[in-house]
Amino acid sequence: MTSVIRIAAVSKRFGPSTAVDDVTLDIRENEFLALLGASGCGKTTLLRLIAGLEQPDSGAIFIGGDNMTGTPPYARPVNMMFQSYALFPHMTVADNVAFGLKQDGISGAALTARVKEALEGVELETLGTRKPDQLSGGQRQRVALARCLAKRPKVLLLDEPMAALDKHLRERTQLELMALRARLGITFVVVTHDQSEAMAMADRVAVMEAGRILQVAPPRELYERPANARVARFFGDINLWDAAAAPRRPHPAGIVAIRPERIHMSRTPGSDTVCEGTVADVAYLGTASTCFVTTTTGLTVRVLVRSDEGAPPFTPGERVYLTWPASAMMALDP
Amino acid sequence: MIGTAWHRRIVLALPWLWTGLFFLLPFAFVLKISFSEAALSVPPYSDFFAYAGGAIVGLKANLANYQLLLSDALYVKAYLSSVKIGAIATFITLLLGYPMAYAIARAAPQRRNVFLVLVMLPFWTSFLIRIYAWMGLLRPTGLINSALLSLGVIDEPLLLLNTPFAVYLGIVYAYLPFMVLPLYARLEKLDPALLEAAADLGAKPWRAFLGVTLPLSRPGILAGCLLVFIPAVGEFVIPELLGGPNTLMIGKVLWSEFFSNRDWPMASALTVVLLVLLVAPIMLLQARREDAP
């Protein structure tokens, strides 16, 4: 696969703080890439660097093979959907969509047709004469999307596209975005702080922290083979222990990790019991419960117990025996 | 609650009371005087009401002042000239004020207040003193001419004072803050993401300005223009002190009718017409603004 965007050793500082620190990343053609990280990790700055809204202090960004250093945002073949959507409040929905096309010199019947096509693509063809303040949050998001897609960009950049939507709408929009990507066959780069969103939508996820990329991999790989403890912590629930204190010590140093769902918990000891302990707390999650077990050695272990395992649910204070295969344990750098 | 309803009524009544006491009531007097005739009496105009045996039996309203006002070319020319001077001065103020307001709105937040104070600083000195200062600067022996003469740029003093140029200069100088402040208030609220979105969609900076910044600052432009145009049209001090005898503005005509000719009814009629001339376009603009979202 060829890379449509190449970010080569890019750094960006704002005063004393480094927002993006020597990042190198290839974004492949037609892929759905998520930039994932906590707020302030530099993911939005990286997106703005690609869009040309910021210029890198060092390094270079290539789009479609062309060096974009010094190229202003209006001359780049990418379009960005802003977190606030940034719809022009004084223009109708149709005029908002037409704005970008007019900049390319498209006018008359061709313009009308492209606007209609873009609005149909997001099922808003009947709302073309409305102003943005007459729309719901979800509709506004779709106008912002249509405004970008009307330009037929090589790459669509989305800054926290779901942040302003409620949970129900968020899931629907996730599916819509994935369907849209499949239909249009363009590259999507999405900035998000929500790991479940990133995992659900993206082909690959780049996990960022303090301006650096910790790991870039498909979601399954990130979950099953995190590069280090920081990535592991970001993706779902995990037990992270100092190797010296861990039961069934597989490694002498560093951090060992095990996912709560890989641990089996029972009320009776078995030949393969690794450790025993007392249930301290139970958090019921619906399909499963997370049990917090304090072992006899004083370690806290999170165990995921599926609700359909048949046995009566565990309650705090119960004596339990834990086991897991040695292969479930991962040795990680901190 | 009864108390709240009472509070609300008082709060609503205050602006009405203010308008009534300090605008509507005096204006009613002016309107009344405009329908009477000048007379050698105290006060110097005829009675509006006809009396018989201590009771009002009728009105002695006459429209002679308004007829004269429309038929005498001097008055019509004075109105037109005032509107022209006011409009041109407002336009120049807008051209100067917009970039200023834009620059302040785009400055670092901690520096904006400094700039705003600088814009308002001249108000801490008396308006009249500042206009006198301009006379000192502009007169043939004034600072500007002396400097240019001593630098050898000119051979004889430029005629600056008592020219239309001086009137425009005075109005623009005096009213610039009234343009800058409402424009700034509007531009400061403009979401920078909108301009970024425009650039991202392919708009070069000047097209982003024309397509996004300018239309979104229109309410500020209207407010600023009204705040400059209205006082500029009725301006008396600036044309009197800087414009010299040849400047024709309605404020000067009004002053001479009132103080030189002691023709209170004519001066009143001039005031009423000026007010109508100014209020009509403002109400039109207001109606248009309410149409726009």
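A:Ile5 has A:Ile63 as its bridge partner in strand 4 of chain A. The model is predicted. The bridge between these residues belongs to the pairing of strand 1 (residues 3-14) with strand 4 (residues 58-63) of chain A, which is antiparallel and runs over five bridges.

**Sheet of chain A**

- The sheet is open and antiparallel, and its four strands follow the order 2-1-4-5 in chain A.
- Its edges are strand 2 (17-28) and strand 5 (66-67) of chain A, each of which pairs on one side only.
- Besides A:Ile5 and A:Ile63, A:Ser11 and A:Ser58 also stand opposite each other, the latter residue lying in strand 4 of chain A.
- Strand 1 of chain A also pairs with strand 2 of chain A, in the antiparallel sense and over eight bridges.
- In this second pairing, A:Ser17 of strand 2 of chain A is opposite A:Phe14.
- Strand 1 and strand 2 of chain A form a hairpin with two residues between the strands, and A:Gly15 in that hairpin has a positive phi near 60°.

**Helix on the sheet**

- Which strands does helix 1 (residues 43-51) of chain A touch where it packs on the sheet? Helix 1 touches strand 1, strand 2 and strand 4 of chain A.
- The direction of helix 1 makes about 60° with the direction of strand 2 of chain A.

**Domains of chain A**

- The domain assignment divides chain A into domain 1 (3-233) and domain 2 (243-332).
- Taken over C-alpha atoms, the centres of domain 1 and domain 2 of chain A are separated by 40 Å.

**Contact between chains A and B**

- Chain A brings 20 residues to the contact and chain B brings 17 residues.
- On the side of chain A that touches chain B, strand 6 (78-81) and helix 2 (93-103) of chain A each supply at least two residues.
- Helix 2 of chain A gives the most to this side, with three residues.
- By class, the side of chain A that touches chain B holds 10 nonpolar residues, five polar residues and five charged residues.

Terms used: Residues numbered from 1 in each chain as written. Chains lettered and ligands numbered in written order. Predicted model: local features only at pLDDT ≥ 70, side-chain atom pairs only at ≥ 80, totals over all residues. Contact = placed C-beta atoms within 7 Å. Nonpolar A, V, L, I, M, F, W, Y, C, P; charged D, E, K, R; others polar. Domains from an automatic or database assignment. Pairing = 2+ DSSP bridges. Axes fitted to C-alpha atoms, helices over the stretch in contact; angles between N-to-C directions.
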